[in-house]
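Here's a quick tour for anyone meeting this structure for the first time. Have a look at the picture, then read on.

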Amino acid sequence: MWLDVLNITAPLFILIGLGYLSVRIGLFRYPELQGTAKFVMRIGLPALIFHSIAGQPLDKVFNPAYVAGYGGGALAAFAAGWLLSRYKNRQAGSEAAVNALGVSLSNTGFIGYPLLAMTIGTGEAGQYLVMNILIENVLILPLFFIIADAAQQNGKGWRENMLGILKNLSKNPIIIAISISILIAVLKIPIPAAIDKTATMLSTAAAPVALFVIGGGLAGLKLQGKLPDLIGIAVGKTLLFPTLAALGLWLAGASDRMIFAGTLLACVPMASMFPLLAMQYGHEQRGAAAMLVTTCFSFFSISLVLLVGKACGF
């Protein structure tokens, strides 16, 4: 059973390791990989979402129990991360918001999805991918921006902040892909075979390329900042969030399979955009260091959840 788990987790961490090693030995410079990262974010992931949603019955894409349970767990993890950082560790408001985001925002697209796809199949994994992206982009990220902007006291009111967030979301290729795909699914518009095959090819290429880029981004990082705080973020992301997600899904009446999928997605490292968002509020090194520590911790949390899933027949 351990070998089965290792066969699932090893390819992901090998790809991350290859990216890390390629930058460390000078085969690539990280700035050279940033164009590839843009391709993944702006083309590959939207194509993956389109392929997962369009042409399928809407009730197979959106499950209220899963959205409520996982979304509730993500909100609870965000709140716990913010409260502990703000009031126990006495950290500044924007720093507490960054920590809360790190605890509650998973790298669903580039680590969670391929991991889940190797476990339960690409079709079903794609449905969880779509629901997670909706939760993350419509619930968690706006909440982070509102709290972080308010802490920065940038002179903008909450209405202006919300309008800015909505404007940014409306230009996000991922949100556009979700909107178009749901519209096609609702109207039951047939998808031409050429477009479907193109989306399949792009979505297949996105995940391994993204993992390679993530590894390259970890090269050269130093654990600058208080190590106990970084470990706290990693433990919150890989232990607290999965526990809260599983509890939320159970309370929402989700099936055992949904609980397994949500827990697995919750225990992967934070999204690759996390250091960039932390940099926006003056915490770049902290964000990058926390991501490095969490990536190491996630190997054990992912293996544990997969081991339990295998024992339950998933």
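## The overall pattern

What pattern does the chain follow when read along the sequence? It goes α-α-α-α-α-α-α-α-α-α-α-α-α-α. In other words, there are 14 helices and zero strands. Keep in mind that what you're looking at is a predicted model.

The chain has 314 residues, and 49% of them are buried. Its accessible surface comes to about 14,500 Å², with carbon and sulfur atoms making up 67% of that.

How do parts of the sequence meet each other? Take the contacts with a separation of 6 or more: 84% of them are between residues 24 or more positions apart.

Now for a pair to pick out: helix H6 (residues 108–120) and helix H12 (residues 256–266). Their axes lie 9 Å apart, at an angle of about 145 degrees, and the crossing is right-handed.

On the H6 side, the residues involved are Thr 108, Gly 112, Tyr 113, Leu 115, Leu 116, Thr 119 and Ile 120. They meet Arg 257, Phe 260, Ala 261, Leu 264 and Leu 265 in H12. Sorted by class, that contact has eight nonpolar, three polar and one charged residues.

## A closer look at H12

Why is H12 described as largely enclosed by the rest of the structure? Because nine of its 11 residues are buried. The buried ones are Met 258, Ile 259, Phe 260, Ala 261, Gly 262, Thr 263, Leu 264, Leu 265 and Ala 266. Among them, Phe 260, Ala 261, Leu 264 and Leu 265 also take part in the contact with H6.

Key
Residues are numbered from 1 along each chain as its sequence is written. This is a predicted model: local features need pLDDT of at least 70, side-chain atom pairs count only at pLDDT 80 or more; totals for chains, interfaces and linings use all residues. Side-chain values use heavy atoms; hydrogens and water are left out. Helices (H or I, at least four residues) and strands (E, at least two) are DSSP runs, numbered from the N terminus. Buried means under 20% relative accessible area, exposed over 50%, partly exposed in between (1.4 Å probe, protein chains only). Contact means heavy atoms within 4.5 Å. Accessible areas come from the Shrake-Rupley method with a 1.4 Å probe; for residues, only the protein chains shown count as cover. Axes are lines fitted to C-alpha atoms, for helices over the stretch in contact, and angles run from 0 to 180 degrees between N-to-C directions. A crossing is left-handed if the near helix is turned anticlockwise from the far one by less than a right angle, and right-handed if clockwise. Ala, Val, Leu, Ile, Met, Phe, Trp, Tyr, Cys and Pro count as nonpolar, Asp, Glu, Lys and Arg as charged, and the others, Gly among them, as polar.
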